[in-house]
Amino acid sequence: MKVSNKQKEQARNADLISFMQDNYPTRLMQDGKAWRDTKYPDITIWRSSMDGMYKFKAHAVNTQAIKEDIKGSDTIAYLRRFLDYDYSGAVIALSQY
């Protein structure tokens, strides 16, 4: 399915925490100003002070290796790597947030 440039931009700027709380309510836990993925607790999710977008980082080698061919640390990459979305599915899901 084709997605528009506007949808891509909306997805990149999406509120990942709201998306996760609405769709995967047990999957995140707050850790100070950051969040952790309960399935992969070595992942840190935070809102960047530089651009206001959500970013993530996997700290353990085995978590880094999950779908390592998917590059990036933004909301779209997170859904693709750890929630098994394809690119267009991730964009469409996130563009609503």
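First, a reminder to myself on naming: helices are DSSP runs of H or I with at least four residues, strands are runs of E with at least two, and both are numbered from the N terminus. Also, this is a predicted model.

**Entry 1**

I started with Asp-84, which sits in the loop between helix 4 and helix 5. Its phi is positive, about 60 degrees, although Asp-84 is not a glycine. Is Asp-84 buried or exposed? Asp-84 comes out at 59% relative accessibility, so I log it as exposed, since the cut-off is over 50%.

Lys-67 also turned up in this search, with a positive phi near 45 degrees in a residue other than glycine. I found Lys-67 in the loop between helix 3 (61–64) and helix 4. With a relative accessible area of 31%, Lys-67 is partly exposed.

Then I went through the pairings. Strand 2 (residues 34–37) and strand 3 (residues 43–47) run antiparallel and are joined by two bridges. I wrote down Trp-35 with its bridge partner Ile-45 in strand 3, and Arg-36 with Thr-44, again in strand 3. The hairpin that takes strand 2 into strand 3 uses five residues.

How many bridges join strand 3 to strand 4? I get five, and these two strands are antiparallel as well. Here Trp-46 stands opposite Lys-55 in strand 4. The hairpin of strand 3 and strand 4 has six residues between the strands, and in it Gly-52 takes a positive phi near 75 degrees.

**Entry 1: helix 1 against helix 5**

I looked at how these two helices meet. The axes of helix 1 (residues 5–12) and helix 5 come within 8 Å and cross at roughly 70 degrees. With 65 to 115 degrees as the range, that makes helix 1 roughly perpendicular to helix 5.

From helix 1, the contact takes in Gln-7, Lys-8, Gln-10, Ala-11 and Arg-12; from helix 5, Tyr-87, Val-91, Ile-92 and Leu-94. Sorted by class, I have five nonpolar, two polar and two charged residues.

I also listed the buried residues of helix 5: Ser-88, Ala-90, Val-91, Ala-93 and Leu-94. What covers them? The cover includes helix 1, helix 2 and helix 4.

**Entry 2: aromatic rings**

Searching the whole structure, I got seven aromatic pairs. One of them is Phe-19 with Tyr-97: the ring centres are 5.4 Å apart and the planes stand at 90 degrees, so I call this pair edge-to-face. The two are 78 residues apart and link distant parts of the chain, with Phe-19 in helix 2 (residues 16–23) and Tyr-97 in the segment after helix 5 (87–94). Phe-19 is buried, at a relative accessible area of 2%, whereas Tyr-97 is partly exposed, at 32%.

Another pair is Tyr-78 with Phe-82, which I put down as tilted, at 5.6 Å centre to centre and 50 degrees between the planes. Both are in helix 4 (residues 75–82), four residues apart, about one turn of the helix. Tyr-78 and Phe-82 are both buried.

Back to Tyr-97, which I kept running into. Ring pairs link Phe-19, Tyr-24, Tyr-85 and Tyr-97 into a cluster. Leaving out residues up to four places away in sequence, Tyr-97 touches Ala-14, Asp-15, Ser-18, Phe-19, Asp-22 and Asn-23. I also checked Tyr-97 against Asn-13: they are 84 residues apart in sequence, and 8.2 Å separates their C-alpha atoms.

Methods:
Residues are numbered from 1 along each chain as its sequence is written. This is a predicted model: local features need pLDDT of at least 70, side-chain atom pairs count only at pLDDT 80 or more; totals for chains, interfaces and linings use all residues. Side-chain values use heavy atoms; hydrogens and water are left out. Rings of Phe, Tyr and Trp (its six-membered ring) pair if their centres lie within 6.5 Å; planes under 30 degrees apart count as stacked, over 60 as edge-to-face and the rest as tilted. Buried means under 20% relative accessible area, exposed over 50%, partly exposed in between (1.4 Å probe, protein chains only). Contact means heavy atoms within 4.5 Å. Axes are lines fitted to C-alpha atoms, for helices over the stretch in contact, and angles run from 0 to 180 degrees between N-to-C directions. Angles under 35 degrees count as roughly parallel, over 145 as roughly antiparallel, 65 to 115 as roughly perpendicular and the rest as oblique. Ala, Val, Leu, Ile, Met, Phe, Trp, Tyr, Cys and Pro count as nonpolar, Asp, Glu, Lys and Arg as charged, and the others, Gly among them, as polar. Two strands pair if DSSP finds at least two bridges between them.
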